[in-house]
Amino acid sequence: MFNLGIDVAKAKLDCALRLPNGKHRNKVVENNHKGFVALSEWLLKHDAGSPRVCMEATGTYWERVAEYLAGRGMLVSVINPAQIKAFGASRLVRTKTDKVDAQLIADFAHERQPEPWLAPSPAEQALRAMVLRLEALQTMRQQECNRLDVAREAVRQGIVDHITWLDGQIKELIQAIKRHIDDDPDLRGKSELLDTIPGLGERSIPVLLSYYANPERFDSAKQAVAFAGLDPRQHESGSSVRGKPRMSKVGHSFLRKALYMPAMVTVYRTAWGKRFGKRLSAAGKAPKLIIGAMMRKLVHVAFGVLRSGKIFDPALHVA
């Protein structure tokens, strides 16, 4: 079987086609529709009209090409960049170029045959785009507020005007996100399920929906947790090395950031969260570790609620 590895960048795609004999053919195309068409034509020239495609989850730059190739019937896999890094280290690869990376991804696809990527629905894609845009605007507003504290009079009014404009844009986008969820029956129903979990609110629910609306993407709650990089990482070796377990952080950093405040609210403001926190505190766990554990617990609970279609049951979290 032909395997196509794609190293994704903002403006271009470095493509490596692994032939059945193990050799590679390389091509660089633009990361736009014109480039996608050129890539399809190039594959047909090599009699590889439907190869196994593999690429890294690099920001959002991979989404359009993944959707295009999946729409043409190709088996597309989107993997964590850490997997390719570890795969390259196992092969003692010392050279790092876009061409070499694309060939490495193609070899990874051939040897490991990763799970196929499930494309999100158009409603989920739109929701994710709006959620990420809201995060960008809020970050920009905070940056401007920080500048205002030390700004000279010559630029102060311009910063104030920009903050006012950002406030308007943020308000409009929050309303647009709410309308988008309310107008889609599937998203609205899942939002209502998540709203039954004490600690989640109007800011955190759209974030969870934009990444976990389709729980079938994950085989288990553990996979859903690992997707956010909230899974614990052990560090032990022999009889002398006994490192403390830590959060792996090999996952989506935006999800971890979005879950921090809901975890704080849940632990200190809700009945089931207080019980959870007291149990870990009695076991000698530090406050910071308890918050991290609650972030992980929220993903577990949200995944279970969405997958079962049942509302949050506090009786299941008494122990």
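Guide: Helices (H or I, at least four residues) and strands (E, at least two) are DSSP runs, numbered from the N terminus. This is a predicted model, where local features need pLDDT of at least 70, side-chain atom pairs count only at pLDDT 80 or more, and totals for chains, interfaces and linings use all residues. Residues are numbered from 1 along each chain as its sequence is written, and side-chain values use heavy atoms, with hydrogens and water left out.

Visitor: Which residues does UniProt list for "domain: Transposase IS110-like N-terminal"?

Guide: UniProt positions are given in the numbering used here, with feature names shortened, and annotations may be inferred rather than shown by experiment. In this case an unreviewed entry lists residues 4-149. That span is 51% helix and 20% strand, and its end C-alpha atoms lie 51 Å apart.

Visitor: And what does the domain assignment of the protein chain give?

Guide: Domain bounds come from an automatic or database domain assignment. Here the chain has domain 1 (3-112), domain 2 (122-183) and domain 3 (215-238 + 246-317). Between the C-alpha centres of domain 1 and domain 2 there are 35 Å.

Visitor: How should I read burial in a helix, and which residues of α2 are buried?

Guide: Buried means under 20% relative accessible area, exposed over 50%, and partly exposed in between (1.4 Å probe, protein chains only). In helix α2 (residues 63-71), Val65, Ala66, Tyr68 and Leu69 are buried. Seen down the axis of α2, these buried residues fall within an arc of 165°, so they line one face of the helix. The arc is that of the directions from the helix axis to the C-beta atoms. Exposed Arg64 and Gly71 sit on the face turned away from the buried side of α2.

Visitor: What covers the buried residues of α2?

Guide: Contact means heavy atoms within 4.5 Å. The cover includes strands β1 (3-8), β2 (12-18), β4 (52-56) and β5 (75-79), together with helix α1 (33-45). After α2 comes Gly73, whose phi is positive, near 85°.

Visitor: Is Arg128 buried or exposed?

Guide: Arg128, found in helix α5 (residues 122-148), counts as buried because its relative accessibility is 11%. Leaving aside neighbours within four places in sequence, Arg128 is in contact with Glu63, Ser210, Tyr211 and Arg217.

Visitor: Which residues does Ile291 touch?

Guide: Ile291 lies in helix α12 (residues 287-308) and is buried, with a relative accessible area of 5%. Not counting residues up to four places away in sequence, Ile291 touches Tyr260, Ala263, Met264, Val267 and Tyr268. Pro262 is 29 residues from Ile291 along the chain, and their C-alpha atoms are separated by 9.5 Å.
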